[in-house]
Amino acid sequence: MDLQTSQATQLAEIDYLERFINFIDASPNTIRTYKTSLKQWFNYTNQQQITKPTPQDVKNYRESLLAMGLRPTTVQNYLMAVKQFFKWTEEMGLYRDIAKNVKGLKLGTEHKKDYLTSKQAAAVLENIDRSTLKGKRDYAMLALMLTMALRTIEVRRANIEDMRVSGDVVVLYVQGKGHIEKDAPIRMPDQVETAIREYLRARKEFNSQAPLFASTSNNNLGKRLSTRSIRGIVKKCFIAAGYNSPRLTAHSTRHTSATLNLLNGATLEETQQLLRHTNIQTTEIYAHHLNSLNNKSSDRISDAIFK
């Protein structure tokens, strides 16, 4: 492929990519993901000097991503972006859909992160020193995340004014995944409200539009915590309580909420509402995991052998 042909191909790719991005109706985060994924595809086709991609090229691309050592979930996301792109090119009459029959990766349905038992969650909270402002903040934040299943981005976005009375209870209005407004009220347990009020009194913050949880460092005092900082705080609290595992992360607090909710009598629908899952099949993963734990076949076999 000569230089002139290569340049023309790249210009066409840029034009197609921009038109596709303008066509899809998605959140800014989703658009960024599509751009990143499709740029990876176009880099691959340019390196391989592919001007008229075929289904086999998409399959080879999938294998090249795996060979790079990328996680299966990352490879799947990259591949799905390519499939959506070529579905669009065919609908627009620009290029046939070469990716529609290319299979994605078979991903496991088990969660990649662990959760805490009720005793472990209590131990993490009890281990936090609440005599300092930082300790009061960390305790309140962990208590909220463990009981209300908030994502780190939702914790970061929360403002003081988002705590409101609804009926006879206090709720926190959350801006969930893919939403542009704080339109999801989550009931706040009394113990969590008490911990947050104690933290806010110690912080002496009177601006209702201020972040619910703020930095205590000298450089960023009073400013909104980043998601990275929130993840770091949760991880340090886990480790300090003796739970140091790569499978225990800030997202484990969300798994803990879901699992303990189901274990203590909640329905699948109630848990779906708590987690704010659009599809109940996503919530069913938790139920399937608990069902497998309740299978005592191995214990019965052990009793037959060892007793």
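1. Gly-265, which follows helix 10, has a positive phi, near 100°. The model is a predicted one, and this angle should be read as a property of that prediction.

2. Helix 10 itself covers residues 251-263. Of its 13 residues, 10 are buried, so the helix is largely enclosed by the rest of the structure. The buried set consists of Ser-252, Thr-253, Arg-254, His-255, Thr-256, Ser-257, Ala-258, Thr-259, Leu-260 and Leu-262.

3. Helix 9 comprises the 14 residues 227-240. At 1.5 Å a residue these should span 20 Å, and the end C-alpha atoms are 20 Å apart, in agreement with that value. Its buried residues are Ile-230, Ile-233, Val-234, Cys-237 and Phe-238. Viewed down the helix axis, these buried residues fall within an arc of 135°, so they line one face of helix 9.

4. Ala-149 has a positive phi, near 60°, and is found in the loop between helix 6 and helix 7. Its relative accessibility is 0%, so Ala-149 counts as buried. Lys-204 has a positive phi of about 60° and is not a glycine; its place is in the loop between helix 8 and helix 9. Is Lys-204 buried or exposed? With a relative accessibility of 63%, Lys-204 counts as exposed.

5. The second largest pocket has a volume of about 510 Å³. Its lining is made up of 24 residues, and those nearest the centre of the pocket are Thr-147, Ile-186, Arg-187, Met-188 and Leu-274. At least two lining residues come from each of helix 6, strand 2 (169-174), strand 3 (184-187), helix 8 (190-203), helix 10 and helix 11 (268-275). By class, the lining contains 13 nonpolar, 5 polar and 6 charged residues.

6. Gln-191 lies in helix 8 and is exposed, with a relative accessible area of 61%. Gln-191 and Leu-144 are separated by 47 residues in sequence, while their C-alpha atoms are 9.2 Å apart in space.

7. Ser-166 belongs to strand 1 (residues 163-166). At a relative accessible area of 32%, Ser-166 is partly exposed. Pro-185 is 19 residues away from Ser-166 in sequence, and the C-alpha atoms of the two are 8.8 Å apart.

8. Arg-62 is a charged residue in helix 3 (residues 55-67). Why is Arg-62 classed as buried? Its relative accessible area is 15%, and buried means under 20%. Leaving aside neighbours within four places in sequence, Arg-62 is in contact with Val-75, Leu-79, Val-102, Lys-103 and Leu-105.

9. Some figures for the chain as a whole complete the note. The protein chain has 13 helices and 3 strands. Of its 307 residues, 39% are buried. Among contacts between residues at least 6 apart in sequence, 57% join residues at least 24 apart.

Notes: Residues numbered from 1 in each chain as written. Predicted model: local features only at pLDDT ≥ 70, side-chain atom pairs only at ≥ 80, totals over all residues. Heavy atoms only, no water. Helix = DSSP H or I, 4+ residues; strand = E, 2+ residues; numbered from the N terminus. Expected span 1.5 Å × (residues − 1). Buried < 20%, exposed > 50% of the residue type's maximum accessible area, 1.4 Å probe, protein only. Arc of directions from axis to C-beta. Contact = heavy atoms within 4.5 Å. 1 Å grid on protein atoms, 1.4 Å probe; cavity = no way out; pocket = protein on both sides within 12 Å on 5 of 7 lines; lining within 4 Å. Points joined across faces, edges and corners; volume = space filled by probe spheres on them.
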